[in-house]
Amino acid sequence: MAEYQRNQAADQTSEDQTIRNDPHRCPDQTSGCMLPSELRKPRSNRAKSKEHKRLNTHKLVLQYIVPCMNSYGLCIVDNFLGDRIGERVVQEVKRIHQSGNMQDGQLVSQKLNKSKAIRGDKIAWVDGTESGCQNISYLLTRMDKLITCADGKLDKFKIRGRHKHAMDSQLESLALEQVVPALLDQGFFYVDHFLGDIAGHMVLGQVKRMHYCGLLNDGQLARRSNGVCRRSIRGDKITWVNGTERGTEAVNFLLTLIDKLISLCVGQLGKSIRARSKAMVACYPGNGAGYVKHVDNPNADGRCVTCIYYLNKNWNAKEHGGMLRIFPEGKSYVADIEPLFDRLLLFWSDRRNPHEVQPSYATRYAITVWYFDSEERAEAKRKFRDLTANTQEGSSS
């Protein structure tokens, strides 16, 4: 997912790095010292003319990468560097790890409590110019070369740079200056352009494939009401994913960013958030289906924050409907949220925010996750265990 993050962040940070113009440039070795074999200047396994390499790169891009990206939203290239150079990259990464330069993936403000329940990796940010990163630099050069060849051919995008530095400061600013105040004051908040066009399109492509492959099933109701048709209450089709399934790499990237955003809010919301649900991928098929007014968590099941990511290009609410209408508790107004592409909506999951999905007359996609208050969740599980035990005792007596 690293390449998704680079592409997405290029639209959102001023710290961009211009793609190297010379596609055949190889990094220089560190002068004045003899490097270990695994850190030496990378070389191809066999000699090739520049013209031969240029043609191979163009064929790879034009005959495979561009068609795959435009059709499926992702592609996989095996043996990208070859065994020898790939092993040297591995050794450089191991040296970075062993040097102690990697930090927790969640770069949370020191004022907030860190939690590894959501994300447990350690990371370091490099641009390839650091000592001991010659082969990583070569890897980045090869990636730059492919993207340069593909520029102008990947959908409608014009790529002029790639991500260099982390976005944690931007996410922290979003969390502490906008999300937290809005949730505490009005109970909901939305942000547009959350992933950026490239990563957003990749997520949309993966969701559409789930839909077209028949993986979505009718959304269920928490309680069955006799004589009431389910479709008169909710008409969406859904599936549940955790982001580790094959074909959900971009969805996993989305979940990682939402996790990080929520982790930055922890400690400021009066909630102890340590876990979340799987992601619910939902589609309203455009036949006028909606979801009547309801509350996500009316009975203290642990859900405290609802996050919905919308995936609908060129959505026109007057023509397509599909508005999410929130009825904030104790307020004299309603909030109408259009399900626009790359929009992330957050709101309290409890009785403070009854809401409805108005009838949709075009295919409407969204991904929803719920974050749990750990204390309320533990109490809900305890009550469920007690109820189950009492039911079993009653049936056996």
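**View 1. Asn 79 counts as exposed because its relative accessibility is 69%.** Exposed means over 50% relative accessible area, buried under 20%, and partly exposed in between (1.4 Å probe, protein chains only). Asn 79 sits in the loop between helix H2 (50-72) and helix H3 (83-98). Helices (H or I, at least four residues) and strands (E, at least two) are DSSP runs, numbered from the N terminus. Although Asn 79 is a residue other than glycine, its phi is positive, near 50°. The model is predicted: local features need pLDDT of at least 70, side-chain atom pairs count only at pLDDT 80 or more, and totals for chains, interfaces and linings use all residues. Residues are numbered from 1 along each chain as its sequence is written, and side-chain values use heavy atoms, with hydrogens and water left out.

**View 2. Ala 300 lies in the loop between strand S10 (291-294) and S11.** Its phi is positive, about 55°, although Ala 300 is not a glycine. With a relative accessible area of 41%, Ala 300 is partly exposed.

**View 3. The largest nonpolar core has 51 residues.** Such a core is a set of buried Ala, Val, Leu, Ile, Met, Phe, Trp, Tyr and Cys residues joined through side-chain atoms within 4.5 Å. Phe 194 and Val 203 have the most contacts inside it. Among the elements that each supply at least two residues are helix H5 (168-185) and strand S9 (279-284). The largest share, 11 residues, comes from H7.

**View 4. Helix H6 (197-212) includes the buried residues Ile 198, Val 203 and Met 210.** Gly 214 follows H6 and has a positive phi, near 75°.
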